[in-house]
Amino acid sequence: MLETTSRIRPLTARPRGSRAPGRRRTAKIRPAIGYAILCLIALLFLSPLIYMFATSFKPPAEIFSVPPKLFGSEFRWQNYHEALNYMPFLRFMGNGLLVSAAGTALTLVVSAFSGYAFSRQRWRGRNLVFMVFLATLMIPQEVLIVPMFVMMQKVGWVNTFQALIVPWAFTAFGAFLLRQFFLGVPQELDDAARVDGAGTLRTFLLVMLPLARPTMAVLAVFSFISYWNSFLWPLVVINDVNNLGTIPLGLQMFFGQQGNQWHLVMAASVISMAPTLLLLILLQKHLVKGIVTSGFGGR
Amino acid sequence: MTLLKPAKAPLPEGAATIPPGKAKTKGKAERDAQLGRRTMWGPAFALPHGLGLAIFTLLPIVVSLIISLFRWPLLGTPSFLGLGNYQRLFSDPIFGQVVVNTVLFVVLYVPLNLVVSLGLAAWLTPRIKGRHIFRVIFFIPSITPVVANVVVWRMLYQPGGFIDGTLQSTTGISAPNFLGDEHWAMMAIVVMSVWQGFGYNMLVFSAALDAVPENLTEAAAIDGANAWTIFWRIKLKLISPSIFFGTMMTLITSFQVFAQPFILTKGGPGSSTSTIVLYIYNQGFQFHQLGLASAAAWILFVIILGVTAVQFLGQKKWVHYDA
């Protein structure tokens, strides 16, 4: 909003110099105050997470204090040790990694092919089928929980990893994202590959797919995160949390059993958030780009 | 570069003899022939994804409708009920309350989410130093596990917790028991959800605002419009497709609120914060009545479809696609 006033400043620069000096000062101070407020908002916004982090190192007796303190009398690493001893969070991470990686791989493969089919290939009924794909985005996962569970019962997948992986790998989001990308690739590239004698499959695998790597990365990040954070479906389909649980499931169970041991619960929360936070810091550009081009990645 | 890879592949005879320039002028007939050949590949490429969607999204919708017509225990044999489950839902005061709660959540959450995300997106212009860092900060809870977020807020809301402790030490008044008081519980869930959820919309709106052509806003500024007018009259109009899209996605997802009430309040006190999805989960997987749960899910589905349809019909009035 401030942008515009500064842009026209050159036009009015000369008369401004002769004006009252006070006005000039406010023009400088105002943005500074605004910036300070923005920083304060960001800090307030982060305070739950800061508090979580601080509490995870406090001795149990010092958690609820008035006024709240950032640090306890000692720095208790032991909380993490105890939390990890009480529940196999490292196994949950391993499970989450396995499920998320497998699900992401499946998503990438089917989406790359369908995204290409919906953009660079012409076939009868293409647009109609794509509309159906898009329409499925309106169907909330939560509505599908019960029938999906019954279907898993029928094929004997209840309490298995494949039940966590397979059903959610076919979101139309991937097709949509890759279609957008492929539509932007110049037709000359297809033609050139074709003139060089490459068939459809070869053109796709050797020319198009390598070009799509950045978009595939975006899709991979989103897919991975939505698998990793998924909660309701694992809650329904996994009974054996200790062996097959993922992070959200494990944390929920931990909270159910140790809900009043806040120092341990907060340590467990930090452990649960750490991998996604790391991912966010490392891949922020991909994430921002993904949201910007699609508007709904991972939701 | 990767582009050169196909050239390394052995060329079939004949291909090399066509000079590139000539291939272009030969053009149409040949391209048509190629497109003709593609008709087989297109459906083949789309097949795995399409099949997966059919099995894991379209089929469950139909199965859900079938299940909802049965008394369907978690284990054991189902028996046909007809519309019995729906009748039961419509006469069940708890289900009525659950629907009202969900609508209340949506009505409070969606506007708050949009105002906060739009406000911050407008604030974080490219001129703001460290804008990128702010964006990432506000996005953090959108990406950390919902369960972890909720657990942390459970502690903030606790009597004696962070909020209560801060209030006591600064003003001497203790905070209400947010999660135990039915006047506060829903608001507490809404606030937590906005904190967690506005990051997506903020990024979408922020990108849309960046795309507003500068010559338009500059022209308006020279004509004497102030920043406020420019924002409301020009920018907001130009980014209305993004706002429409964000509103729709936020609406759809907010009707599915589950983890927040599940962990913060278990739907209580009483059933003042129980939502439709929480009801579906409880009926289906706590009380083992999959038929009833399915019927509730279908009602949710119809509500969401209805709201989406209304949005689409209403968009003509305020969404401007021609920039």
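Helices (H or I, at least four residues) and strands (E, at least two) are DSSP runs, numbered from the N terminus. The structure on display is a predicted model, in which local features need pLDDT of at least 70, side-chain atom pairs count only at pLDDT 80 or more, and totals for chains, interfaces and linings use all residues. Residues are numbered from 1 along each chain as its sequence is written, while chains are lettered from A and ligands numbered from 1 in the order in which they are written.

**First stop: a loop of chain B**

Please select the loop between helix H13 (259–264) and helix H14 (276–286) of chain B, where Pro269(B) is found. The peptide bond that leads from Gly268(B) to Pro269(B) is cis, and its omega is near -5 degrees. Lys266(B) lies in the loop between H13 and H14 of chain B as well. Although Lys266(B) is not a glycine, its phi is positive, at about 55 degrees. Most residues other than glycine have a negative phi, and most peptide bonds are trans.

Is Lys266(B) buried or partly exposed? A residue is buried if 20 or more other C-beta atoms lie within 10 Å of its own, exposed if 12 or fewer, and partly exposed in between, with C-beta atoms placed from the backbone. Lys266(B) has 14 other C-beta atoms within 10 Å and is therefore partly exposed.

Next, move to the loop between H14 and H15 of chain B and select His288(B). His288(B), a residue other than glycine, has a positive phi near 60 degrees. His288(B) counts as partly exposed because it has 14 C-beta neighbours inside 10 Å.

**Second stop: chain B as a whole**

Of its 323 residues, 41% are buried. Chain B is divided into domain 1 (20–80) and domain 2 (84–318), with bounds that come from an automatic or database domain assignment. Colour these two domains of chain B separately; their C-alpha centres lie 33 Å apart.

How many residues of domain 1 of chain B are in contact with domain 2 of chain B? Two residues are in contact if their C-beta atoms, placed from the backbone, lie within 7 Å. There are 9 such residues in domain 1 of chain B, and they meet 8 residues of domain 2 of chain B. On the side of domain 1 that touches domain 2, H3 and strand E1 (70–71) of chain B each supply at least two residues. H3(B) gives the most to this side, with 3 residues. By class, the residues of this side are 6 nonpolar, 2 polar and 1 charged. Here Ala, Val, Leu, Ile, Met, Phe, Trp, Tyr, Cys and Pro count as nonpolar, Asp, Glu, Lys and Arg as charged, and the others, Gly among them, as polar.

**Third stop: where the chains meet**

Show both chains together: 94 residues of chain B are in contact with 90 residues of chain A. Helix H3 (residues 28–67) of chain B gives the most to the side of chain B that touches chain A, with 21 residues. That side of chain B has 65 nonpolar, 24 polar and 5 charged residues.

From H7(A), the contact is made by Val143(A), Val146(A), Pro147(A) and Val150(A). From H15(B), the residues include Leu290(B), Ala293(B), Leu300(B) and Phe301(B). The contact of H7(A) with H15(B) has 9 nonpolar residues, 1 polar residue and no charged ones.

**Last stop: chain A**

Finally, display chain A, which has 16 helices and 0 strands. Buried residues make up 43% of its 299 residues. Select H9(A): 10 of its 12 residues are buried, so this helix is largely enclosed by the rest of the structure. Among the buried residues of H9(A) are Phe173(A), Leu177(A), Arg179(A) and Phe182(A).

End the tour at Asp196(A), in the loop between helix H10 (187–195) and helix H11 (200–211) of chain A. Asp196(A) is buried, because 20 other C-beta atoms lie within 10 Å. From Asp196(A) to Ala32(A), the separation is 164 residues in sequence and 60 Å in space, C-alpha to C-alpha.
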